[in-house]
Amino acid sequence: MMDKQILKNITVLYAEDESVIQEGITETLILFGINVICAKNGQEGLSLFQSNRESIDLILTDIKMPELDGLGMIEKIRELDEYIPIIITTAHQETNFLMQSIEYNINDYVLKPIDIYKLEKNIIKAIEAKVLKEELLEKNKKLEIEIQKNEEKQHIIETQSRFAAMGEMINMIAHQWRQPLASIGTASFNLKYKLLREEFDLETKEGREQQSYFFSKKLDEIEFYVQNLTTTINDFRNFFKTDKISVNTNIQNSIQHTLKIIQKDLQSNNIQVILDLKSKKQIDIYENEIIHVLINILKNAQDKFVEKETENPKIEIKTEDLEDTIKIDIYDNGGGIEDDKLNIIFEPYFSTKKEKNGTGIGLYMSKIIVEKNHRGSIFASNVNDGICFSIILHSMI
Ligand SMILES: Nc1ncnc2c1ncn2[C@@H]1O[C@H](COP(=O)(O)OP(=O)(O)OP(=O)(O)O)[C@@H](O)[C@H]1O
Ligand SMILES: [Mg+2]
């Protein structure tokens with residue numbers, strides 16, 4: 001449906017060397033409501049285009065003109081503006097020029113003598129296409145800004161998540177280190193105490209042997225605990241490495257690794273962990289990320305137990321091989337959550353732990369890691385007396 005209103009107040013640059021034709025067509029264009037800027041040849045057309053570039057909506061031009069012909073002018077204009085619509089007026093014998101005009105992206109042509117209705121139709125078509133293109137460009141620009149904003153938001157969330165994870169890690173390290181540090185303290189106190197009390201009779205061979213036995217036993221203990229501290233710190237350091245290299249592994253290894261990191265935390269809350277690990281398949285995963293997911297889920301269960309003061313807190317982890325995927329189910333008996341919240345918990349910043357300053361990004365990041373980075377899926381369901389988080393990952397063929 002052609003809309004003649006679209007012609008009101010548009011500006012056309014019209015290049016034509018035959019003044020009779022130019023005057024006639026210009027008069028009609030003005031009747032349509034169009035503003036017309038007239039040029040006698042291509043050279044004048046080009047300089048008028050340069051000085052009125054912002055206001056010109058369309059170019060109408062003859063081909064054969066003195067000084068600079070129509071195609072010469074178009075070539076120069078196209079260097080300045082890729083999109084401005086161009087319509088050519090041409091006589092029959094000039095049609096071989098049309099081949100050349102394709103390369104300049106000409107919108108249309110009108111044969112001379114000019115059929116004014118056809119010209120009007122062609123101008124409307126070209127202007128409508130221009131408006132659509134401008135709207136599209138505008139929409140694209142808005143979309144790009146939106147995408148950029150989303151990327152920035154995503155980056156902020158990822159950084160927050162990293163900080164939150166680091167905070168949790170430091171807590172876990174503190175838990176892991178408490179016992180070996182206390183043991184090192186006790187061992188060195190014992191050594192000092194025996195020395196002060198002069199417990200061993202160094203005059204006798206037996207006394208010297210007793211002292212040497214006692215000292216080497218205590219030093220062995222200290223060495224053992226120092227080794228323990230070093231292993232812990234290595235586990236955590238590996239976890240925080242940012243280089244994203246996938247490993248080919250069995251999910252059982254990743255689960256054991258996770259439990260090693262978090263075990264002291266679980267133990268100090270008397271949480272029983274039941275394992276039923278049946279999956280045997282190999283999978284390609286970013287292991288640190290998957291460990292991050294598992295820790296998020298286990299920590300959430302632990303938070304729930306503390307909140308509900310659950311009597312016999314229990315976490316059950318099951319794995320099984322499906323056709324070309326593997327499934328990990330993590331159950332807890334912490335009481336679950338209202339059914340209508342089962343999907344919302346994966347949204348960023350949703351947290352019911354305001355008093356504990358929950359960030360509400362743990363599960364959101366877990367979803368990104370599983371679904372975006374591993375093309376798997378993660379979902380939650382209420383079962384019996386708690387919640388079950390299920391993770392599906394693709395296995396190797
Ligand atoms: N095992 C669970 N049982 C019941 N509700 C849960 C469980 N795990 C998560 N939720 C609910 O999902 C919400 C979102 O969890 P998410 O890990 O994203 O953030 P958070 O735990 O609140 O905050 P943060 O991880 O920073 O401590 C929790 O606040 C809680 O309401
Ligand atoms: Mg959490």
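1. The residues of the shell around ligand 1 divide into eight nonpolar, eight polar and four charged. This is a predicted model. In total, 20 residues surround the ligand. The closest are S351, T352, K353, T359 and L363.

2. For S351, a polar side-chain atom lies 2.5 Å from a ligand oxygen. For K353, an N or O atom of the side chain is 2.5 Å from an oxygen of ligand 1. For N300, the distance from a polar side-chain atom to a ligand oxygen is 2.9 Å. How much of ligand 1 does the protein bury? Taken alone, the ligand exposes 600 Å², and the protein buries 95% of that.

3. Which elements give two or more residues to the shell? They are α8 (287-308), α9 (362-373) and β12 (386-394). Of the elements, α8 gives the most, with three residues.

4. Helix α7 covers residues 251-268. Its length checks out: at 1.5 Å a residue, its 18 residues should span 26 Å, and the end C-alpha atoms are 26 Å apart, which agrees. Even so, α7 bends by about 60 degrees at I262. I262 is itself buried. Other buried residues of α7 include I251, S254, I255, T258, L259, I261, D265 and L266.

5. Look at both ends of α7. N250 caps the N-terminal end, with a side-chain oxygen 2.7 Å from the backbone nitrogen of Q252. After the helix comes N270, whose phi is positive, near 55 degrees.

6. Most residues other than glycine have a negative phi. N105 has a positive phi, near 55 degrees. N105 sits in the loop between α4 (96-102) and β5. N384 also has a positive phi, of about 40 degrees. N384 belongs to the loop between β11 (377-383) and β12, and β12 is one of the elements that contribute to the ligand shell.

7. Are N105 and N384 exposed or partly exposed? N384 is exposed, because its relative accessible area of 84% is over the 50% cut-off.

8. One peptide bond stands out. Most peptide bonds are trans. The bond from K112 to P113 is cis, with omega near -5 degrees. P113 lies in the loop between β5 (108-111) and α5 (116-196).

Notes. Residues numbered from 1 in each chain as written. Chains lettered and ligands numbered in written order. Predicted model: local features only at pLDDT ≥ 70, side-chain atom pairs only at ≥ 80, totals over all residues. Heavy atoms only, no water. Near = heavy atom within 4 Å. Polar contact = N/O pair within 3.5 Å; in protein donor to acceptor, adjacent residues only side chain to side chain. Areas by Shrake-Rupley, 256 points an atom, 1.4 Å probe, with all protein chains shown as cover. Helix = DSSP H or I, 4+ residues; strand = E, 2+ residues; numbered from the N terminus. Nonpolar A, V, L, I, M, F, W, Y, C, P; charged D, E, K, R; others polar. Expected span 1.5 Å × (residues − 1). Bend = angle between axes of the 7 residues up to and from the residue. Buried < 20%, exposed > 50% of the residue type's maximum accessible area, 1.4 Å probe, protein only.
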